[in-house]
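Student: Can we go through this model together? I'd like to start with a strand, then move to the core.

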Amino acid sequence: MRYGTIPVARKTGGLNDSVFDVDDDTIPLQFRNGYTFLNPDEQGVNSGLERAISRYRNNPQSWHELVQKVMSIDWSWEFSASQYEDLYAKSVARARAAASRA
């Protein structure tokens, strides 16, 4: 994604944690960054590819905006580590608050 490739990926493992379908209304717009499919078969792959190709051909402006968005995502370890540190700090604060009430 760093170089502008829009992912078409099966929703499994780490891909499920990093590729969020552009057509999934349950995911906030700022996180939608590719095309996903569930079934590990030809039909599943084709569904993701067909949606991606359709957007590329029929809505070039939207495709360009998607490319720009995925290229701007910070996938660095510094960013991820910062998120984990924040989560850890919140968890510790909750645990301390619960212990003080007990």
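Student: Where is threonine 36 found?
Tutor: Threonine 36 is in strand S2, residues 35-37. Strands (E, at least two residues) and helices (H or I, at least four) are DSSP runs, numbered from the N terminus. This is a predicted model: local features need pLDDT of at least 70, side-chain atom pairs count only at pLDDT 80 or more, and totals for chains, interfaces and linings use all residues. Residues are numbered from 1 along each chain as its sequence is written, and side-chain values use heavy atoms, with hydrogens and water left out.

Student: Does threonine 36 count as buried or exposed, and why?
Tutor: Threonine 36 counts as buried because its relative accessibility is 10%. Buried means under 20% relative accessible area, exposed over 50%, partly exposed in between (1.4 Å probe, protein chains only).

Student: What does threonine 36 touch?
Tutor: Ala9, Lys11, Val19, Asp21 and Arg51, leaving out residues up to four places away in sequence. Contact means heavy atoms within 4.5 Å.

Student: New topic. Which residues make up the largest nonpolar core?
Tutor: Eight residues: Ile6, Val22, Tyr35, Ala52, Trp63, Leu66, Val67 and Val70. Helix H3 (residues 60-72) gives the largest share, four residues. A nonpolar core is a set of buried Ala, Val, Leu, Ile, Met, Phe, Trp, Tyr and Cys residues joined through side-chain atoms within 4.5 Å.

Student: Which residues of H3 are buried?
Tutor: Ser62, Trp63, Leu66, Val67 and Val70. Down the axis of H3, these fall within an arc of 140°, so they line one face of the helix. The arc is taken from the directions from the helix axis to the C-beta atoms.

Student: And what covers them?
Tutor: The cover includes S2 and helix H2 (42-58).
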